[in-house]
Amino acid sequence: MLVKLVVQVKLLPTPEQAAALEATLHACNEAASWVSEVAFARGEFKNFALRRHTYDTVKSRWGLGAQAAQHVIKKTCDAYATLKGNLRAGNLGRPGSKRYRRAAEKPVVFRPQGAQPYDDRMLSWQIPGRTVSIWTTGGRVKSVAFTVSAEQLATLALYRRGESDLLERDGMWFLNATCEVPEAPLNTEPVDFLGIDLGIVNIATTSDGEIMAGRELNRIRARERGLRKKLQRKNTPSAKRRLRKRRRKEARRAKDINHKIAKHVVAEAERTGRGIALEDLTGIRERVRLRKPGGTSHAL
């Protein structure tokens, strides 16, 4: 059995290469927003049918190649499928609520820096030299350098399959490459289950009575909230840059803490030969109500 993993590769483009990548992302996402308007107006969200109404225009107006145009249309259809699933699951509020209507009653809009899928016709990897050749609206850009760890490089060389997503974040460029890794066989069936109760004050509590407290993370977040308020009041260009930088730093810190807790829980279950049973979190955002100062705790 194969397990899909995503390896994030950081690109190191020259200024000229970065300009070509930026122009390409902007064109693809602008085209996707237009395709979204057509889909919403016609009520047509199937790939093949939507392609008949948009394919030629996407190619001619935005200068996209055949593969890029098809990926733009498919990306739009996938966005509506995700939206429909979230609406059905109640992740965007109850039907008729303000949040629900705001999501359902207007076309999906794509950010200029939103991820764009690339297949092997548009992107080729030179693994030993750590470079890629990538299609752009200005032509093929060759020898774009990238950096990864030795372990990630081996995973790319052995298991990379299918599409990769190009995206830009805070002036940095990344490729998210899909890898299909063989799943390690299970030696035994679990003899029991380790129950995990997830929370906000305590990030996780096991059925063995072990508590992974979130006090440190919550203290950091309280401090960050105060800093954000000060920077937002200033509202200067430098303050906005610092806000973006701190937002990413806070997200990385939370991800790291959550990752360490998850690894600890998995290691404990593996050591004792047990499976892991999680509480049902369906509709948790609707059930949990926090006052304004604690609203960011939902991000855990």
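Reader: Which residue in E4 does leucine 123 stand opposite?

Author: In this predicted model, leucine 123 stands opposite isoleucine 134 of E4. Strands E3 and E4 run antiparallel and are joined by four bridges.

Reader: How many residues lie between the strands in the hairpin of E3 and E4?

Author: The hairpin has four residues between its strands, and arginine 130 takes a positive phi near 55° there.

Reader: How should I read helix H3?

Author: An α-helix has 3.6 residues a turn, so residues three or four places apart point the same way. The buried residues of H3 include Val72, Thr76, Tyr80, Leu83 and Leu87. Among the elements that cover the buried residues of H3 are helix H1 (15-42), helix H2 (47-62) and strand E6 (160-169).

Reader: What span should the 24 residues of H3 have?

Author: At 1.5 Å a residue, H3 (residues 66-89) should span 34 Å; the end C-alpha atoms are 35 Å apart, which agrees.

Reader: How many disulfides does the structure hold?

Author: A disulfide is a covalent bond between the sulfur atoms of two cysteines. The structure holds zero disulfides. For cysteine 77, the nearest cysteine sulfur is that of cysteine 28, 15 Å away.

Reader: Is cysteine 77 buried or exposed?

Author: Cysteine 77 counts as buried because its relative accessible area is 8%, under the 20% cut-off. Cysteine 179 is also buried, with a relative accessible area of 0%.

Methods. Residues are numbered from 1 along each chain as its sequence is written. This is a predicted model: local features need pLDDT of at least 70, side-chain atom pairs count only at pLDDT 80 or more; totals for chains, interfaces and linings use all residues. Side-chain values use heavy atoms; hydrogens and water are left out. A disulfide is a pair of cysteine sulfur atoms within 2.5 Å. Buried means under 20% relative accessible area, exposed over 50%, partly exposed in between (1.4 Å probe, protein chains only). Helices (H or I, at least four residues) and strands (E, at least two) are DSSP runs, numbered from the N terminus. The expected span of a helix is 1.5 Å times one less than its number of residues. Contact means heavy atoms within 4.5 Å. Two strands pair if DSSP finds at least two bridges between them.
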